[in-house]
Amino acid sequence: MKIIVLVKHVPDAQFDRHLSGGDNTTDRSESILSELDEYALEAALQLIEARGGEAAGNKVIALSMGPAGAVNAVKKSLQIGATEGVHLSDDALAGSDAAATSLALAAAIRHLGTDVPADLVLTGMASTDGETSLVPAQLAERLGLPQVTFASSLELDGGKLTARRDGDSHADTVEATLPALVSVTDQINEPRYPNFKGIMAAKKKTITTLSLADIGVDASSVGLAGSWTAVETAEVRPPRTAGTIITDEGDAGIQLVEFLAAQKLL
Amino acid sequence: MAKVLVFIDTPGAALKKSSLELLTIARSLGEPVVAFNGELQDDVAAGLGAYGAAELYVPAAADLNDYLIGPKAAFLAAAAETSGATVVLAENSAEGKEIAARLGIKLGAGVITDVVAVDPDGTAHKSVLAGSYTTTAKATTPVAVLTVKSNSVEPEQAAAATAPQPVTVELPADATAGAARVTARNEKAASGRPELSEARIVVAGGRGMDGNFGPVEDLADALGAAVGASRAATDAGWIGHDAQIGQTGKTVSPQLYISAGISGAIQQKAGMQTAKVIVAVNKDAESPVFEIADFGIVGDLFQVLPQATEEIKKRRAGH
């Protein structure tokens, strides 16, 4: 079984995050492997481990698109247990919106499936920087794969996939046939941490770097030039300032209601 | 006048407020037309007319809800092409965004999500990086697809009502082939509370609830509010994951956000930052949440919340 897991190098959400430059693209210093992608990686590892692991010819390929630093997301994925890493990196990719990102990733996935097509493409439910959730659905559309998004459980039986998807008013059980694209939520599993053995083993694993030329994508169809949306202005939201702070002396609940009444919120 | 296509998916007996908002925005951009999935009940048809829908497109197939996303996107693409709309509006739910995503690829159209306002020229306003920036963005393509957050505008009926007749739109033969199929659907018990992402008021609890969400739920019910929670509270199993607000949960921007027992670490702040008014109750005076609260109470939430709930009930009874 061959699984491609998309991993993204994103600014750490523990810190304030910034847009930079004239293009209003995201500042990627202090970046880490997106937390939400760890669930996809864990799901992939569990699936191959249940099928005899790497020894039985199973593969989990961690694929990241991004500037030089994004290779760190691939390295971390290898330490956690991915069997191979691929870094799609090209200056022309900078500033790609979801449509351009999905175009480049779809081409990379096709390239990686040239000899043996992937059975599954796994992603997190969203990136923790752009947070649009558009890329998994757009990849499914571009690759012509069944889309099973926001899966909170995932089972494979032969070529059939069964997943649970939780919505606001209902929870669905959905079925699809492989190959398929699946995005998983943070409810699906508990991701493992890299251990010492994993960190040592990762040093021997290969990371392939791909350029746009390698995957047959024209530079003008990605990046800011190839994007279908453009950010025109970006302003830092004025920081919220503290208002009235009181210490409860027995009547804070009543003062709270008076505040709400004064704000016409009751 | 340019046509603006609004997607309304399976409303049941009445149009949701978010659909009325989309129709109101559509009228400010051009001539509103509707792509409608599901059974068209009389009240819904009347509502579409009252809000000025000039045309009404319905799918030739009735089973779109039996599949995930793909076939609905195929229907919407066919409706967009038939109508010649230059803007498509959908709701900002997880499913709404995914349908918009696939539609964007099918039409070669730029997709902008989490939109809170749209200018007449199509410029979309949104906030990014967890509310720390406000941005304007525009699709650079002939057609734009926008998903709009609830509570973005006050719904307003059209000056003149319309009576649009349904026009059937054929789907491509392969619309359902290769789509994931829904094999079982479990309706969740209705809480009677407003949906979190649409609520005008949200009362949210965190680690300080210590396993007991009762005071948060009671205050929410007194205010007609939705109940939210920090990740710490949902991970502890004190409340369903559906209630989670923030980075890995729902983003909300209500009129009023009451935060109880939430310290206000940076990701939690992100979940409340775009609320109009923030109230915080926490026993730790050093909690970062007090840096952004319009009204903060340093105190025991198990005293403060029930007292507030009683006071609201008393005032309501007095009216």
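Which residue stands opposite A:Gly85 in strand 13 of chain A? In this predicted model, the residue opposite A:Gly85 is A:Ile207. The two strands concerned, strand 7 (residues 84-88) and strand 13 of chain A, run parallel and are joined by four bridges.

This pairing belongs to an open sheet of ten strands with mixed pairing, in which the order is 13(A)-7(A)-6(A)-1(A)-8(A)-12(A)-9(A)-10(A)-11(A)-10(B). Strand 13 (207-210) of chain A and strand 10 of chain B are the edge strands, each of them pairing on one side only. On average, and with direction ignored, neighbouring strands of this sheet are turned by 30 degrees against each other. Strands of a sheet pair through backbone hydrogen bonds, in either the parallel or the antiparallel sense.

Two helices of chain A lie across strands of this chain. Helix 2 (residues 71-80) of chain A lies across strand 6 (59-65), strand 7 and strand 13 of chain A, and runs at about 170 degrees to strand 7 of chain A. Helix 3 (residues 98-112) of chain A lies across strand 1 (2-6), strand 6, strand 7, strand 8 (120-124) and strand 13 of chain A, with an angle of about 150 degrees to strand 6 of chain A.

The sheet also includes a pairing between the chains: strand 11 (residues 170-177) of chain A and strand 10 (residues 181-187) of chain B are antiparallel and share six bridges. Within this pairing, A:Glu175 has B:Arg181 of strand 10 of chain B as its bridge partner.

The contact between the chains draws on 79 residues from chain A and 88 residues from chain B. About 7200 Å² is buried between chain A and chain B, with carbon and sulfur atoms giving 54% of this area. On the side of chain A, the residues that lose the most area to chain B are A:Trp228, A:Arg237 and A:Arg240, which together account for 12% of what that side buries.

A salt bridge is formed by A:Asp166 with B:Lys188, where the closest N and O atoms are 3.9 Å apart. Helix 8 (residues 252-262) of chain A, with ten residues, gives the most to the side of chain A that touches chain B. By class, that side of chain A comprises 34 nonpolar, 25 polar and 20 charged residues.

Note on methods
Residues are numbered from 1 along each chain as its sequence is written. Chains are lettered from A and ligands numbered from 1 in the order in which they are written. This is a predicted model: local features need pLDDT of at least 70, side-chain atom pairs count only at pLDDT 80 or more; totals for chains, interfaces and linings use all residues. Side-chain values use heavy atoms; hydrogens and water are left out. Contact means heavy atoms within 4.5 Å. Buried area is the accessible area (1.4 Å probe) that two parts lose on being put together, summed over both. A salt bridge is a side-chain nitrogen of Lys or Arg within 4 Å of a carboxyl oxygen of Asp or Glu. Ala, Val, Leu, Ile, Met, Phe, Trp, Tyr, Cys and Pro count as nonpolar, Asp, Glu, Lys and Arg as charged, and the others, Gly among them, as polar. Two strands pair if DSSP finds at least two bridges between them. Axes are lines fitted to C-alpha atoms, for helices over the stretch in contact, and angles run from 0 to 180 degrees between N-to-C directions.
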